[in-house]
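Visitor: I would like to go through this model one piece at a time. Please show it first.

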Amino acid sequence: ITGPQFRDQVPSDQERREPMGTLRLDVQPSRVAQLYVDGFYLGMLDEVNGELTLEAGARRIEIRAPGYETMALDVKVVPGRAITYRGALVPLEAAAAEPTSRPVEVTPAASKPVYFIPGCYMGNIPPKDAGLPATCDQSRVTTFQR
């Protein structure tokens, strides 16, 4: 259907697009890291140059690499905004599998802090050590334990 009376009823390309935001991932080692968003494999982290444009909303990010613990992040992508996550994958500890007749003591894994500065930074590296831009107000940091 065309004509001037219907022009205002047809959404433009801009109106049809979902609101998008940017997530930058500065994770080491990046060359062997596989990237998953909401359970879907996107490719190697280096293939996307560590930057994703995603639909706004809650997203589950997983970064997997052989010999490292899987890094899982729950992020909220905000339309028109960019957030950077800086972190390092944790190597798996190679435990020697020696048979033993005595009970093995199990200690819970230590929780790891995650640092968050709204609109600027999220990562497992303290902001003072993360090389943040001067525009990032480090006094606004919030720390969470995972």
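Visitor: Is Thr84 buried or exposed, and what is its relative accessible area?
Guide: This is a predicted model in which local features need pLDDT of at least 70, side-chain atom pairs count only at pLDDT 80 or more, and totals for chains, interfaces and linings use all residues. Residues are numbered from 1 along each chain as its sequence is written, and side-chain values use heavy atoms, with hydrogens and water left out. Buried means under 20% relative accessible area, exposed over 50%, and partly exposed in between (1.4 Å probe, protein chains only). Thr84 therefore counts as buried, with a relative accessible area of 11%.

Visitor: Where is Thr84, and which residues is Thr84 in contact with, leaving aside its neighbours within four places in sequence?
Guide: Thr84 sits in strand E7, residues 82-88; helices (H or I, at least four residues) and strands (E, at least two) are DSSP runs, numbered from the N terminus. Contact means heavy atoms within 4.5 Å. With neighbours within four places in sequence left aside, the residues in contact with Thr84 are Arg24, Cys120, Tyr121 and Met122.

Visitor: Which cysteine does a disulfide join to Cys120?
Guide: A disulfide is a covalent bond between the sulfur atoms of two cysteines. The rule used here asks for a pair of cysteine sulfur atoms within 2.5 Å, and the count by this rule comes to one disulfide. The S to S distance is 1.9 Å, and the partner of Cys120 is Cys136.

Visitor: What is the handedness of the disulfide of Cys120 and Cys136?
Guide: Both Cys120 and Cys136 are buried. The torsion about their S-S bond is about -130°, so the disulfide is left-handed.

Visitor: What is the order of the strands in the open sheet of four?
Guide: Strands of a sheet pair through backbone hydrogen bonds, either parallel or antiparallel. Here two strands pair if DSSP finds at least two bridges between them. E2 (residues 34-37) and E3 pair over four bridges, E2 and E5 (residues 57-64) over four bridges, and E5 and E6 over seven bridges. With antiparallel pairing, the order is E3-E2-E5-E6.

Visitor: Which are the edge strands?
Guide: An edge strand here pairs on one side only. That holds for strand E3 (40-44) and strand E6 (71-77).

Visitor: Which residues stand opposite Gln34 in E3 and in E5?
Guide: Gln34 has a partner in each of these strands. In E3, Gln34 stands opposite Met44. In E5, the bridge partner of Gln34 is Arg64.

Visitor: How far is Met71 from Leu89 in space, C-alpha to C-alpha?
Guide: Met71 belongs to strand E6 and is buried, with a relative accessible area of 4%. Leu89 is among the residues that Met71 touches, not counting residues up to four places away in sequence. Met71 and Leu89 are 18 residues apart in sequence, and their C-alpha distance is 6.6 Å.

Visitor: Which residues do salt bridges that share partners join into one network?
Guide: A salt bridge is a side-chain nitrogen of Lys or Arg within 4 Å of a carboxyl oxygen of Asp or Glu. The closest N and O atoms are 3.9 Å apart for Arg60 and Glu62, 3.0 Å for Asp74 and Arg60, and 2.6 Å for Arg64 and Glu62. Through shared partners, these salt bridges join into one network Arg60, Glu62, Arg64 and Asp74.
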